Amino acid sequence: MSPPARPGRVLVANRGEIAVRVIRACRTAGIESVAVYSDADRDARHVALADTSCRIGPAPARESYLSIPRLLEAAKEGRCDSVHPGYGFLSENAAFARAVLHAGLIWIGPPPEAMEAMGSKISARERMRAAGVPVVPGVLIENSEDEEILSSVASLGFPVIVKASAGGGGKGMSVVQTPAELSEAVLSCRREALAAFGDSTVYVEKYLDSPRHIEVQILGDTHGNVVALGERECSLQRRHQKVVEECPSPAVTPDLRARLSRAAVEAGRAVGYVGAGTVEFLLEPSGAFWFLEMNTRLQVEHPVTEEAYSVDLVALQLEIAGGGRLPDFPKAPFFHAIEARVYAEDPDAGFLPQAGRLHVWVEPSGPGVRVDSGVTSGQAVDVHYDPMLAKIVAKGRTREEALRRLVAALRETIALGVATNVSWLARLLESDAVVRGDTHTGLLAVLRLPLPPPPPDGVFEAAAAMLSARSSASERAAAVWPDPFETPFRMGEGT
């Protein structure tokens, strides 16, 4: 059975803020959406926003959002003709893409062959080298003895970085300074990679000291066109996870942008890329750049490109999936846009993820401010999923204006019930290095931020309102069934 010519009813095979984002894009395009949810997400925001929804299993991701059979059954139950995977979960899983296509559905993503080619760091590097894209020197580490491992890596020189070939997100990744540390780092990476991706293959490459992390947004259509839509600066990372991104990069000149874009387009053409994808590079102070990896999906940080270039990348994904041709894009950004990722985590406790109930969630607003969130007041923050709550984005005519707007927006954000990194993000964006745009991938490991300021205006009023509401609810409950142990807060609710 051949798939429909254009998406008409999309299964959004994800959760949280990306599911909300895709659902809204579908609504704008006049396309119906079907949400999926686990037992933990029954009352989640994305479920309420979709045209309809399907339960796909219990809370653990492996039994719900990572279950291909259950997602395909949901697509059938929801009478869907297409599937959008969002990012994370199965978004870069070629087997899922093939299963969707085999079921006669439209896959709103790249061809499975492109996903496989770029899903392995080893095969991706070889393809990029063949396409003339500069690649960081590195070696594949197979099931070798310690002496063989050391011998194969010695030519790179230390320090080196050990990576899992499959997957991303910093899983198993570690920097090795001396030969004595290498064996344990490889074994540790293998264990973590096998648990996270089912593949223990390890890659070791030359470690570049304090580079910038620059990525280029590409789009490809089914007519053979591949274009680049500017770069994003993603150097502010903690434990290899991005926390702040911006577009354009303050370090990229128009000439460098053109060279990066050409390399990214060649990377996309080398694998027959279709849809939205990202080619990531490491940029040295000299202006030399090196291919890092390609993400065959939409990125978490895609809103900064949308705001800087005034485009809708999810709408373009839908158009491409329906056979549409890419439009003409501007050669340079109209605005500067910066995004901060808000996590349920405690900066004072080593950024440990937090769980509990988000009693109050108040989003900021104002000129140039955008919030992509998947939470509402009263929603539970579950231990089974990524702790990101929202992305707060600000744009301006200049980088300075975008920064001021983003800091002000973070100061207006109120989250009560679980610890978050909101105040930490505001202080980070006010630090001298960030204000100057003088960032690199190792900055957050050495940067010392000032103590947090007093809570923002409105937080005490919000807390008082929350306590008053809970008190009234407790009095109503006590009238029916008195409980001498009832308190305004219960243990385990993230207070």
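## Helices α3 and α4

In this predicted model, α3 and α4 pack with their axes 11 Å apart, at an angle of about 30°. (Axes are lines fitted to C-alpha atoms over the stretch in contact, and angles run from 0 to 180 degrees between N-to-C directions.) That makes α3 and α4 roughly parallel, a label for angles under 35 degrees. On the α3 side, the contact (heavy atoms within 4.5 Å) uses Ile-68, Leu-71 and Leu-72, and α4 brings in Ala-95, Phe-96, Ala-99 and Val-100. By class, that's 7 nonpolar residues, no polar and no charged.

## A closer look at α4

Helix α4 covers residues 94–102, and its buried residues (under 20% relative accessible area, 1.4 Å probe, protein chains only) are Ala-94, Phe-96, Ala-97, Ala-99 and Val-100. These pack against α3, β4 (82–84), β5 (106–107) and α5 (112–119).

What about the ends? At the start of α4, a side-chain oxygen of Asn-93 comes within 2.9 Å of the backbone nitrogen of Ala-95. Just after α4, Gly-104 has a positive phi of about 80°.

## Helices α7 and α8

Now for another pair: α7 (residues 146–154) and α8 (residues 179–197) cross at roughly 115°, with axes coming within 10 Å. Asp-146, Ile-149, Leu-150 and Val-153 of α7 meet Pro-179, Leu-182, Ser-183 and Val-186 of α8. This contact has 6 nonpolar, 1 polar and 1 charged residues.

## Ground rules

Residues are numbered from 1 along each chain as its sequence is written, and side-chain values use heavy atoms, leaving out hydrogens and water. Local features need pLDDT of at least 70 and side-chain atom pairs count only at pLDDT 80 or more, while totals for chains, interfaces and linings use all residues.

Note on methods: Buried < 20%, exposed > 50% of the residue type's maximum accessible area, 1.4 Å probe, protein only. Helix = DSSP H or I, 4+ residues; strand = E, 2+ residues; numbered from the N terminus. Polar contact = N/O pair within 3.5 Å; in protein donor to acceptor, adjacent residues only side chain to side chain. Parallel < 35°, antiparallel > 145°, perpendicular 65-115°, else oblique. Nonpolar A, V, L, I, M, F, W, Y, C, P; charged D, E, K, R; others polar.
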